[in-house]
Amino acid sequence: MPTVKLRVQRFNPDVDREPRYSEYSVEAEPTDRVLDALNSIKWYKDGTVTYRRSCAHGVCGSDAMRINGVNRLACKVLIRDVGNEITVEPLLGFRVVKDLVVDMEPFFAQYRSVLPFLVNEDPTPDRERRQSIANQERYDDTTKCILCGACTGACPSFWADENFVGPAAIVNAHRFIFDDRDHAAGERLARLNAREGVWRCRTIFNCTEACPREIKITQAIGEVKRAILYGGVTS
Amino acid sequence: MSAQNTAPRGAAKRGGGYQRPTGVGGFEVFSWFFMRISGLILILLALYHLIWWNLIVGVEHLDSQVVIERWTNPLWRFFNVALITFALLHALNGARYSIEDYIRSPGARVVVKAIVYTLVLVTLAAGIFALLTFDPAVLMAGR
């Protein structure tokens, strides 16, 4: 089995003043994932290496990290796609709690600020709220978000200003703004029209490149900008 | 939708879409729209400017006589006022974006903005003033 070298950024807030790097060699198949290599380190070499992971199948979004400088999910990236020398670092723009674990609370606070849930105060229908296929397709792409933070952690506007609402929150606002069953588009657009809202986006496309779900994030942000400008969308 | 929820919420329209919510608008929307429109206009103006002076007139024939001839046409003066206005305001807004992105201290931000705004607006005023008041006779007399 080939040997893979991993360089892992470490930070223990009780001991370290600055982040440092630890190097490990583990055996891994080219078809193993980077997460498997991290697990080999944690389980057999150094139990202090700390990172988040939960479902390990690209659905829960908890193991987003910088792998060779690019934001990826460790559970989706194969060793053969990143080579045998791999540098693993925490997402940029967030406070590092320990090693690869970052404080995601500011991220979720921005997410909550865009009302990421269906608002419809019409009387509850007897059955489900029906929607045409065409109206669903209008926002289908942005339903794929798993809130991993890879996009927001790749955004230079967010690096520069932690109060920027960030691409992930805009994506989740888009998902409801363009849903014709929802009634709170105006509130979301008012939130996103604020100083730290969509206008901080400089159309850099880092978010689109980083998204492990291949959501067209920059396009979604552009649609939200146009919705604020023109005040109307059609399905 | 129930009546008590009409403000400030944008009313949903059946079949998709919504009405413009109250309170949406403002400077940032305008500035974003201005960047796109002025960018498009600048491509046309700057391309014409480059092609005219460098390919049609030719750099080797470029002298004060050509400038004076062009200046006598009010359309040319209008063209140049538009070019310098859009170029400087587009650049100023871009600089504002960078300042707001990267200067975190509110005090320093005000100072840097004041300096940049003043420099650009004085340059713009001087440029427009020169374009509108330039007197070829003075230039000819100095020869």
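Predicted model: local features only at pLDDT ≥ 70, side-chain atom pairs only at ≥ 80, totals over all residues.
Local features need pLDDT of at least 70 and side-chain atom pairs count only at pLDDT 80 or more, while totals for chains, interfaces and linings use all residues. Residues are numbered from 1 along each chain as its sequence is written, and chains are lettered from A in the order in which they are written.

**View 1. Domain 1 of chain A meets domain 2 of chain A.** Chain A splits into domain 1 (3-102) and domain 2 (105-230), with bounds from an automatic or database domain assignment. Their C-alpha centres are 28 Å apart. Domain 1 of chain A gives 13 residues to the contact and domain 2 of chain A gives 12 (contact: C-beta atoms, placed from the backbone, within 7 Å).

**View 2. Helix 7 of chain A is largely enclosed by the rest of the structure.** Of the 8 residues in this helix (residues 185-192), 7 are buried, among them E187(A) and R188(A). Here, buried means that 20 or more other C-beta atoms lie within 10 Å of a residue's own, with C-beta atoms placed from the backbone. Helices are DSSP runs of H or I, at least four residues, numbered from the N terminus. The cover includes helix 6 (167-177) and helix 9 (217-230) of chain A.

**View 3. Helix 3 of chain A packs with helix 6 of chain A.** Look for an angle of about 25 degrees between helix 3 (residues 105-113) and helix 6 of chain A, and axes 8 Å apart; axes are lines fitted to C-alpha atoms over the stretch in contact, and angles run from 0 to 180 degrees between N-to-C directions. The two helices are therefore roughly parallel (angles under 35 degrees). F107(A) and Y111(A) of helix 3 of chain A are among the contact residues, as are A168(A) and N172(A) of helix 6 of chain A.

Notes. Contact = placed C-beta atoms within 7 Å. Buried ≥ 20, exposed ≤ 12 C-beta atoms within 10 Å, placed from the backbone. Parallel < 35°, antiparallel > 145°, perpendicular 65-115°, else oblique.
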